[in-house]
Amino acid sequence: MRALTEAELLAGWEAAAGHGPAVRAVALAAAAGGHTFAEAGALPLGARDALLVELRAACFPGDLQCLARCPGCGEELDVAVPLSDLRQPAPAPPGEATVTAGGVRVRYRPLTGLDVLAVDPAAPDARRRLVGRCVLEVEGLPVDGGGELPREAVAAVAAALAEADPRADLRIDLTCAVCGHGWAAPFDVPAHVWADVDACARGLLADVHALALAYGWPEADILALGPARRRFYLEAIGA
Ligand SMILES: [Zn+2]
């Protein structure tokens, strides 16, 4: 993937800013892959997050810095995660599949970003609703069962969805420098990529603001300046 231009990065930032994490993840993937929001939202979660990792690698090469709390001793650790740890070889993209559990046979499709943003994660039945969005067909549902998937079937589909799309739940191997405890920590790819995009966009806009104020140039003209010339003018006005 090539690096986004500053204008593309700002457009992606603007589409994502002010929204919750589920919308932000899809908006950034759309900017990264040149997709519409609907196209990016229809990607399985692992493919969406792989696009975000590639966006990060193209625009901001270098390790990701994050904090992690050791489950062994509670120490908060500064961790540098190399991008290569996150750029896992792509397994075959998950597709439609079937699972039999709880006396029913369920055909389902992969979980996507649009599914995640359609379901309130705090809802008590969030898992059932997420699974419900992925279900395409159910055979063997008892007529008097109220049309609800049996609990065992919901659990089986949820487990199968996770197993079929391992890149949707990236884990990084960490070892605590204090107590030596080792564990696989979940890594929130969209949150980390958003933090970098947000910081970069705010920096760019602050530069535009300073130059527009000093010279009266429009935003597009300022963004069209090469980085060296922009830095020169910023230094000239003491910004
Ligand atoms: Zn520890």
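1. D115 touches R109, P110, L130, R133 and C134, leaving aside residues up to four places away in sequence. Contact here means heavy atoms within 4.5 Å. D115 lies in helix 6, residues 113-118. Helices are DSSP runs of H or I with at least four residues, strands are E runs of at least two, and both are numbered from the N terminus. D115 has a relative accessible area of 0% and is buried. Buried means under 20% relative accessible area, exposed means over 50%, and partly exposed is in between, with a 1.4 Å probe and protein chains only. G41 is 74 residues from D115 along the chain, yet their C-alpha atoms are separated by 8.2 Å.

2. On the basis of the model: it is predicted, local features need pLDDT of at least 70, side-chain atom pairs count only at pLDDT 80 or more, and totals for chains, interfaces and linings use all residues. Residues are numbered from 1 along each chain as its sequence is written, and side-chain values use heavy atoms, with hydrogens and water left out.

3. Helix 7 (residues 126-134) and helix 8 (residues 151-164) have axes that come within 10 Å and cross at roughly 70 degrees. That angle makes helix 7 roughly perpendicular to helix 8. Axes are lines fitted to C-alpha atoms, for helices over the stretch in contact, with angles from 0 to 180 degrees between N-to-C directions. Under 35 degrees counts as roughly parallel, over 145 as roughly antiparallel, 65 to 115 as roughly perpendicular, and the rest as oblique. From helix 7, R127, R128, V131 and C134 meet R151, V154, A155, V157, A158 and L161 of helix 8. This contact of helix 7 with helix 8 has seven nonpolar, no polar and three charged residues. The classes are: Ala, Val, Leu, Ile, Met, Phe, Trp, Tyr, Cys and Pro nonpolar; Asp, Glu, Lys and Arg charged; the others, Gly among them, polar.

4. Helix 1 (residues 6-16) and helix 9 also have axes within 10 Å, crossing at roughly 115 degrees. Helix 1 passes helix 9 in a left-handed crossing. Left-handed means that the near helix is turned anticlockwise from the far one by less than a right angle; clockwise is right-handed. Helix 1 contributes E6, L9, L10, W13 and A16, and helix 9 contributes W194, V197, D198, C200, A201, R202, L204 and L205. The contact of helix 1 with helix 9 divides into ten nonpolar, no polar and three charged residues.

5. Helix 9 (residues 189-215) has a further partner in helix 11 (residues 227-236), with axes within 10 Å and a crossing of roughly 60 degrees. The two helices are therefore oblique to each other. Helix 9 passes helix 11 in a left-handed crossing. L204, D207, A210, L211 and Y215 of helix 9 meet R230, R231, Y233, L234 and A236 of helix 11. By class, this contact of helix 9 with helix 11 has seven nonpolar, no polar and three charged residues.

6. G203 also sits in helix 9. At 30% relative accessibility, G203 is partly exposed. V106 is 97 residues from G203 along the chain, and their C-alpha atoms are separated by 49 Å.

7. How many disulfides are there? The count is zero, where a disulfide is a pair of cysteine sulfur atoms within 2.5 Å. For C59, the closest cysteine sulfur is in C200, at 7.6 Å, which is too far for a bond. C59 is buried at 18% relative accessibility. C70 is buried too, with a relative accessible area of 3%.
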